[in-house]
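Good morning, and thank you for making time for this.

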Amino acid sequence: MQTKSLTDRDHEVIWHPYTQHKNKLPPIPVVRGKGTLLWDEKGNPYIDAISSWWVTLHGHAHPHIAQKIYQQALVLEQVIFTGFTHEPAVSLAERLLPLLPGDLSRIFYSDNGSTAVEVALKMAIQYWKNKGDDRKKILALRNSYHGDTFGSMSVSGRSLFTAAFQDYLFEPVFIDAPDRENIGQLKELLRRHGCEMACFIYEPLLQGAGGMHMYDAALLDELMGVAKEMDLLLIADEVLTGFGRTGELFAGNYLRNTADIICLSKGLTGGTMALGATAATERVFEAFLSDDRRKSLFHGHSFTANPLACAAALASLDLLLETACAERIRGINTQHAAFAEKIKAYDVVRDVRTLGTVVAFELSQGEDGYINPAGLDLTQKAMEEGIYLRPLGNTVYILPPYCTTKEELDKIYDFLEKYIKKARP
Ligand SMILES: Cc1ncc(COP(=O)(O)O)c(C=O)c1O
């Protein structure tokens with residue numbers, strides 16, 4: 001019989017992500033999830049308004065996904081993925097590839113978003129090496145976030161997240177996300193130096209961890225067009241934007257130019273299991289075909305293509321591709337747009353923006369950025385109202401599971417409007 005509370009036990013043995021343990025608030029023990037709701041051990045429900053770090057698509061503990069994971073677990077739970085294959089991995093690749101924007105023909109599996117990015121970078125770097133070309137530079141966007149492993153940190157904008165590791169990161173060529181003012185310069189830079197660059201990595205349309213910054217699809221498309229002319233490999237990091245988040249199945253659907261490599265994770269399994277996937281075109285894949293073993297992609301993980309995770313992803317696709325899901329995504333977008341219009345009137349609110357199922361704005365309180373404490377206060381007040389929100393500093397956003405009801409969204413909007421009304425610039 002345990003005499004200590006879960007929080008006390010946690011306090012003794014757990015090291016949490018992004019957490020200053022010296023003065024952290026005790027974590028909330030979550031005992032159950034269903035649909036949009038998470039319950040703590042006292043029985044209090046919370047609306048998960050950020051899809052548990054942007055992963056949950058169809059709600060928590062979805063019976064269809066749970067059933068498919070269970071059935072798969074009774075048959076084959078794990079097998080080494082070099083020299084072996086299995087039905088869920090192949091079926092998932094077969095179903096996923098035709099859904100992706102462009103002409104992707106190969107899926108490389110890993111475990112999470114960061115590894116999906118690592119694999120993409122390795123593919124792009126080794127692509128040129130295998131071809132005997134000396135392209136080494138990588139083009140990346142300032143303010144971007146691609147993960148916490150060293151390669152993905154290296155191509156992420158420099159920030160609080162990367163500061164301690166700066167001396168160990170490689171340096172890409174950083175440019176700002178395209179806007180009307182800089183697009184001419186950016187295209188010029190690409191025309192002049194593009195032939196030295198191996199690839200261009202970007203979060204299409206939405207820089208998530210960089211403060212839910214939304215940028216123009218047409219301008220990104222223009223930039224991608226020039227990058228293509230200069231033969232850079234385009235790496236779309238759709239770890240956040242994939243699987244309906246931006247309103248389209250993939251953010252790349254808003255663009256005419258297509259990526260050579262696409263990184264996927266988060267919503268891939270509907271948010272139920274850890275899985276990453278990096279999709280590549282046949283052109284990229286073929287550069288690794290050789291009688292020389294050294295030209296193989298030497299990358300893999302113990303749980304590469306884990307059958308349970310692949311089964312979960314297949315089950316999530318079943319749900320995602322239902323017409324009802326697309327309607328719910330559109331419904332969320334319509335409600336977000338009305339809320340955005342409403343709160344624009346408040347002085348303390350800045351830069352209200354929406355994209356698909358995401359609505360975001362800045363609170364004009366203190367300096368912009370991740371360590372602005374405004375968000376901590378908002379999180380606490382929201383929890384008291386049964387809503388889980390986790391602003392990025394003073395950037396407040398809602399990014400709900402697609403099953404979130406109209407009433408649940410209204411509850412979140414009402415809370416935020418009341419909060420904003422009381423907030424002082
Ligand atoms: C665009 C993007 N890429 C990569 C990652 C890293 O994913 P993971 O946290 O699964 O490693 C994230 C995580 O937030 C992300 O938003």
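I will go through the cysteines, then the salt bridges, and then the helix packing.

A word on conventions: this is a predicted model, in which local features need pLDDT of at least 70 and side-chain atom pairs count only at pLDDT 80 or more, while totals for chains, interfaces and linings use all residues. Residues are numbered from 1 along each chain as its sequence is written, and side-chain values use heavy atoms, with hydrogens and water left out.

Let me start with the cysteines. How many disulfides does the structure hold? The count is 0, where a disulfide is taken as a pair of cysteine sulfur atoms within 2.5 Å. For C195, the closest cysteine sulfur belongs to C199 and lies 15 Å away, which is too far for a bond. For C403, the closest one is in C325, at 9.1 Å, and that is again too far for a bond. C195 is partly exposed at 46% relative accessibility, and C403 is also partly exposed, at 22%; on this scale buried means under 20% relative accessible area, exposed over 50%, and partly exposed in between, with a 1.4 Å probe and protein chains only.

Now the charged pairs. Side chains of opposite charge can pair when their charged atoms come close. The model holds 22 salt bridges, each being a side-chain nitrogen of Lys or Arg within 4 Å of a carboxyl oxygen of Asp or Glu. One of them joins R350 to D368, with the closest N and O atoms 2.9 Å apart. Because R350 sits in strand β13 (residues 349–355) and D368 in the loop between β14 (358–363) and α12 (374–384), this pair ties together parts that are 18 residues apart in sequence. Here helices (H or I, at least four residues) and strands (E, at least two) are DSSP runs, numbered from the N terminus. Both partners are partly exposed, R350 at 33% and D368 at 46%. Another salt bridge is formed by E341 and K344, at 2.9 Å from N to O; E341 is exposed, with a relative accessible area of 51%, whereas K344 is partly exposed at 44%. There is also a network of salt bridges that links D231, D260 and R283.

Finally, the helices. In helix α4 (residues 87–96), the buried residues are P88, A89, S91, L92, A93 and L96, and what covers them includes α3 (63–75), β4 (104–110), β11 (261–264) and α10 (307–320).

How do α12 and α13 pack, and at what angle? Helix α13 covers residues 406–422, and the two pack at about 130° with their axes 11 Å apart, the axes being lines fitted to C-alpha atoms, for helices over the stretch in contact, and the angles running from 0 to 180 degrees between N-to-C directions. That makes α12 oblique to α13, given that angles under 35 degrees count as roughly parallel, over 145 as roughly antiparallel, 65 to 115 as roughly perpendicular and the rest as oblique. The contact, meaning heavy atoms within 4.5 Å, is made by A374, D377, L378, K381 and A382 of α12 and F415, L416 and Y419 of α13.

Helix α11 (residues 323–343) packs on α13 at about 15°, with the axes 11 Å apart, which makes α11 roughly parallel to α13. Among the residues that meet are I332, H336 and F339 in α11 and L409, Y413 and L416 in α13.
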